[in-house]
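Colleague: I am new to this structure and would like a close look at a single part, the surroundings of the ligand. Could you take me through them slowly?

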Amino acid sequence: MDNYRLSGRDAHPEDSIFNIAGRTIGGGNFAVIAGPCSVETEEQIVSIAREVKALGASFLRGGAFKPRTSPYSFSGLGTDGLELLKIARAETGLPIVTEIISEAHIETFSQSADIIQIGARNMQNFSLLKEVGRLNKPVLLKRGLSSTIDELLMAAEHIMSAGAEQVILCERGIRTFETKTRNTLDLSAVPVLKKLSHLPVIVDPSHATGDRSLVEPMSLAAAACGADGLIIEVHNHPDCAMCDGEQSVTPSMFGRIVERVNAVRAALY
Ligand code: PEP
Ligand code: MN
């Protein structure tokens, strides 16, 4: 506990509540981040942004720089993708959440993203954590594929000790022997993290399961166990998505998820 100097409850017993571009998250404020895995075209990102906003999302996600397992897969539109996210933000007012994969892009991200995402693959890229932390902008920190809860909190400490105050933790599934799902959603990490840390904790049921039919039940379970929000991949034509189509829900599925999550929260919190 002593090691969690900035992220731990000892330092800050109350839940942290962050105000990010007019949206609140933490301490009973539930936030839904939604959008495609990757930004593909202006028409795609703007239309998905409009739909998810109308259905209850408070932030827009979209990858412009995609870390891909294979070097031959689509790796995002890069800075052009960031420009398209800015257009979608201007059209809808939704703040944008997008992943940084290199320190070389620090300046660009500092000017475009409302929340800078550190992906699972970079959770222990300590020099990137430090550079992002120095910006003192909100950060969404995803748990590494094979990282423990302690390692996730230590990664948050790296960011916070560099200067950032607003770090959101994200459980996105961990690698286990199970193969029926892309990863295994470790939902017990939510109450464990909430016990140890004052930082908001959100769940990514899309990368955790890899299967759009499982996004709704895992979203409901995440809401029930005390998560402060969700990050969900939504695509208007999931079967044609350039990345992660199998796990992307349609806008109408997303609308139903938000309604049912709200019902769970109304019943329990
Ligand atoms: C993502 O959110 O687009 C992503 C790549 O997720 P993760 O880093 O959790 O795999
Ligand atoms: Mn994805």
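**The site of ligand 1**

In this predicted model, ligand 1 sits in the largest pocket, where a pocket is, on a 1 Å grid over the protein atoms alone, an open set of points where a 1.4 Å probe fits, with protein on both sides within 12 Å along at least five of seven lines, and sitting there asks that more than half of the molecule's atoms lie within 2 Å of its grid points. Around ligand 1 are Arg61, Lys66, Glu99, Gln117, Gly119, Ala120, Arg121, Lys142, Arg172, His207 and Glu233, each with a heavy atom within 4 Å of it. By class, this shell has seven charged residues, three polar and one nonpolar; Asp, Glu, Lys and Arg count as charged, Ala, Val, Leu, Ile, Met, Phe, Trp, Tyr, Cys and Pro as nonpolar, and the others, Gly among them, as polar.

Some polar contacts (pairs of N or O atoms within 3.5 Å) can be followed in detail. A polar side-chain atom of Lys66 lies 2.8 Å from an oxygen atom of ligand 1, and a polar side-chain atom of Lys142 also lies 2.8 Å from an oxygen atom of the ligand, whereas Ala120 brings a backbone N or O atom to 2.7 Å from a ligand oxygen. The protein covers 97% of the 300 Å² of accessible area that ligand 1 has on its own, as computed by the Shrake-Rupley method with a 1.4 Å probe.

Residues are numbered from 1 along each chain as its sequence is written, while chains are lettered from A and ligands numbered from 1 in the order in which they are written. Local features need pLDDT of at least 70, side-chain atom pairs count only at pLDDT 80 or more, and totals for chains, interfaces and linings use all residues, with side-chain values using heavy atoms and leaving out hydrogens and water.

Technical notes: Polar contact = N/O pair within 3.5 Å; in protein donor to acceptor, adjacent residues only side chain to side chain. 1 Å grid on protein atoms, 1.4 Å probe; cavity = no way out; pocket = protein on both sides within 12 Å on 5 of 7 lines; lining within 4 Å.
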